[in-house]
Amino acid sequence: MTTETLRSLRAHMTSAKLAAYIIPTDDAHQSEYIAECDKRRQFISGFTGSAGTAVVTGDKALLWTDGRYHLQAVAELDHNWTLMKAGLPGTPTIEEWLAIELTTEDHVGIDSLLVSAGRCVSGCVIILWCALYRII
């Protein structure tokens, strides 16, 4: 059950004035195989697949993963989580979802050791194209 873990993360988000926090699968070295101690997305969501990104807001927890893992995610995510089936028609990307759900005054948190500069820049460009955000 992820209820307590999400409650704790949301308390930290509130104190840091974050509207959303993005938790990727990646480790600090962008490794193909992630050590147990670096499985942050698995820890927060319970999803053990090797590909996916979690986004947590004050009242939502979402996991984006591709078609290889949809059935696994349905089996592993608890009632706190919404599966976002990446690549399927009608499923927004993380950046599109953030641009729709958040306001221009909201802050989005990332761990800069886990998100590559290229992904951060391309994600920021998409978000900025939709709306003006400050990524911290």
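Are Trp64 and Trp97 buried or exposed? I looked up both residues in this predicted model and found that Trp64 and Trp97 are both buried.

**Entry 1: confidence.** I began with the scores of the predictor. The average pLDDT of the chain is 85, and 83% of the residues reach at least 70. I then turned to residues 129-136, where pLDDT stays under 50. For this segment the model has 24 contacts beyond four places in sequence.

I examined Phe47 and Tyr69 and noted a distance of 6.0 Å between their ring centres. Their planes stand at 85 degrees, over the 60 required, so I recorded the pair as edge-to-face. I located Phe47 in the loop between helix 2 (40-45) and strand 2 (53-57), and Tyr69 in the loop between strand 3 (61-65) and helix 3 (70-76). The pair therefore ties together parts that are 22 residues apart in sequence. I also checked accessibility: Phe47 is buried, at a relative accessible area of 0%, and Tyr69 is buried as well, at 13%.

I next examined Trp64 and Trp97, whose ring centres are 6.0 Å apart. The planes meet at 70 degrees, so this pair is edge-to-face. I placed Trp64 in strand 3 and Trp97 in helix 4 (residues 94-101).

Note on methods. Residues numbered from 1 in each chain as written. Predicted model: local features only at pLDDT ≥ 70, side-chain atom pairs only at ≥ 80, totals over all residues. Heavy atoms only, no water. Phe/Tyr/Trp six-rings, centres within 6.5 Å; stacked < 30°, edge-to-face > 60°. Helix = DSSP H or I, 4+ residues; strand = E, 2+ residues; numbered from the N terminus. Buried < 20%, exposed > 50% of the residue type's maximum accessible area, 1.4 Å probe, protein only. pLDDT = per-residue confidence, 0-100. Contact = heavy atoms within 4.5 Å.
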